[in-house]
Amino acid sequence: MSDWQPRIIAFLCNWCSYAGADLAGVSRIQYPPTLRVVRLPCSGRVDPLLILRALREGYDGVLVSGCHPGDCHYLSGNYVARRKFAVIKAVVEHLGFEPGRVQFSWVSAGEGEKFANVVAKVTEDIRKLGPARRMAAAEQVK
Amino acid sequence: MASLAEKLRDCARGLLAEGKADVVIGHAAGTLPMRSAPCFVRSAGEVEGLIFDHTCGANLAKYLVKDKPRGKKGEAAKPEKVALIAKGCDGRAAVQLVVEGQIARENVIIIGVPCRGVIDPHRLGEAVGGREVLSCRPEGESLFVGGDGFKEKVELREVLSECCLSCRHPVPPVHDVLVEEAVEAPGGADEFAAVEKLAAGSPDERWAFFEREFFKCIRCYACRNACPMCFCGECFIDQNDPQWFGKSTDPGDTMLFHAVRVMHTAGRCVDCGACVRACPVGVDIRALAKRAEKEVRERFGCEAGVSLEEAPALAAFDEDDPQEFIL
């Protein structure tokens with residue numbers, strides 16, 4: 001169990017966090033290989049259904065990352081998303097998912113190091129929680 | 001003094017006779033003792049069927065939004081002027097539909113009726129030990145119920161919908177006509193008490209609770225069909241391409257359905273309890289929905305359906321919204 005690595009799905013905004021992840025890569029910054037990245041046009045594109053479906057699929061955790069407030073490529077996508085995130089976090093945790101399974105961050109295209117730190121923190125949080133136990137049908141947990 | 005139903009009929013008669021409304025949507029006696037039926041009155045002569053009492057649980061705002069024709073091209077029909085007989089939550093749902101651009105304000109006349117709470121058939125069933133109730137007659141704060149071989153008096157408070165016990169808007173906050181002065185809400189209870197009780201427990205306890213609740217669900221979608229806020233032309237649960245999740249009663253699929261539905265109604269739900277009363281198996285749908293409502297209320301200070309000016313909470317934003325949870 002000690003060398004167990006969580007599988008985390010990451011929904012990254014094309015304009016900042018995805019570029020931040022790219023920068024972490026080209027800068028050869030080391031971070032845990034736990035992410036499965038889905039590139040989206042904006043953090044505002046993150047439908048609650050995507051997060052819940054990912055948990056249903058058996059992912060151990062979900063990370064959503066977008067541009068810092070004020071930096072949205074579409075001006076207000078992340079502001080609207082922020083309200084949605086607050087509610088989905090509340091609902092998911094009320095449902096019985098442990099705090100930390102679903103996390104959110106703002107990472108700009110220039111913050112390769114922050115991206116690596118976020119991934120390290122989220123991975124560590126989820127490693128402590130252990131494998132996903134909720135909602136996923138047993139045969140779907142890989 | 002004229003009874004509430006008589007005042008209501010007079011009001012409906014007037015609106016129809018003067019041509020201010022093309023149709024009045026109200027309640028009529030149903031074929032089951034505890035459930036009124038929706039009633040669409042199109043001429044002044046038909047108003048006699050209208051009633052209003054503890055059995056009028058359906059949220060009539062549901063009928064304001066017409067089914068959206070999909071893939072059909074048709075010329076726009078002249079919009080009907082609809083008068084809605086609205087208790088507090090019906091009126092709030094109508095306002096929310098206006099705010100969301102589903103209906104035009106000038107095409108709906110909100111007839112406010114003071115509501116003293118509506119009966120939840122599940123709670124009534126519990127109160128009489130699961131026996132079938134064939135008749136009920138309210139008298140003051142009690143309800144006389146009768147069935148095959150029994151007659152009983154139950155306290156009204158015990159059988160009203162849980163949402164009514166914490167109701168703060170017995171009369172629609174926005175209305176065009178008010179048939180009778182506001183009454184005191186049957187409320188008084190703390191509306192988030194159940195949410196806080198659950199929140200005080202561990203995630204495991206909450207999961208066990210919701211697993212038990214949602215395990216009852218047979219995926220009939222009565223909750224969606226009764227919900228005035230569910231007006232999508234194609235609901236996510238009916239979509240096949242992509243099919244977002246299974247249509248079986250697999251506990252994970254059921255959980256996903258309820259969680260996503262709560263997200264879809266977050267900040268829009270008026271807590272009318274129509275879903276709970278419509279549910280054939282008694283799922284405590286509000287247990288999760290109230291958590292979203294609490295978050296929206298506390299974090300953004302928004303309440304659905306109380307003002308025509310306020311944008312839907314999750315379609316608006318403030319640059320200074322709190323973001324302590326974001327890394």
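1. Between chain B and chain A there are 16 residue pairs in polar contact, both residues of each pair being at pLDDT 80 or more; a polar contact here is a pair of N or O atoms within 3.5 Å, where within protein one must be able to donate a hydrogen and the other to accept it, and residues adjacent in sequence count only if both atoms are side-chain atoms. The elements of chain B that give two or more residues to the side touching chain A are helices H6 (193-200), H7 (203-215), H9 (251-265) and H11 (286-300), helices (H or I, at least four residues) and strands (E, at least two) being DSSP runs numbered from the N terminus. That side of chain B divides into 31 nonpolar, three polar and 11 charged residues, with Ala, Val, Leu, Ile, Met, Phe, Trp, Tyr, Cys and Pro taken as nonpolar, Asp, Glu, Lys and Arg as charged, and the others, Gly among them, as polar.

2. On provenance, this is a predicted model, in which local features need pLDDT of at least 70 and side-chain atom pairs count only at pLDDT 80 or more, whereas totals for chains, interfaces and linings use all residues. Residues are numbered from 1 along each chain as its sequence is written, chains are lettered from A and ligands numbered from 1 in the order in which they are written, and side-chain values use heavy atoms, with hydrogens and water left out.

3. The contact (heavy atoms within 4.5 Å) takes 45 residues from chain B and 38 residues from chain A. The area buried between the two chains, that is, the accessible area (1.4 Å probe) that two parts lose on being put together, summed over both, is about 3,700 Å², of which carbon and sulfur atoms give 71%.

4. Five salt bridges are counted between chain B and chain A, a salt bridge being a side-chain nitrogen of Lys or Arg within 4 Å of a carboxyl oxygen of Asp or Glu. Arg134(A) and Asp204(B) meet in a salt bridge through their side chains, at 2.8 Å from N to O, and over all chains the count comes to 39.

5. Within chain A, the side chains of Glu93(A) and Lys89(A) form a salt bridge at 2.7 Å, N to O; because they are four residues apart in helix H3 (residues 77-95), about one helical turn separates them. Glu93(A) is buried at 17% relative accessible area, where buried means under 20%, exposed over 50% and partly exposed in between (1.4 Å probe, protein chains only).

6. In chain B, Arg168(B) forms a salt bridge with Glu191(B), the closest N and O atoms being 3.3 Å apart. Arg168(B) lies in the loop between helix H5 (162-165) and strand E9 (177-178) and Glu191(B) in the loop between E9 and H6, so the pair ties together parts that are 23 residues apart in sequence. Arg168(B) is partly exposed at 44% relative accessibility, whereas Glu191(B) is buried at 15%. Both belong to one network of salt bridges that share partners, which also includes Asp271(B) and Arg286(B).

7. Some backbone geometry deserves a look. Asp271(B), in the loop between H9 and helix H10 (274-278) of chain B, has a positive phi near 55° although it is a residue other than glycine, and it is buried, with a relative accessible area of 14%. A cis peptide bond, with omega about 0°, joins Asp241(B) and Pro242(B).
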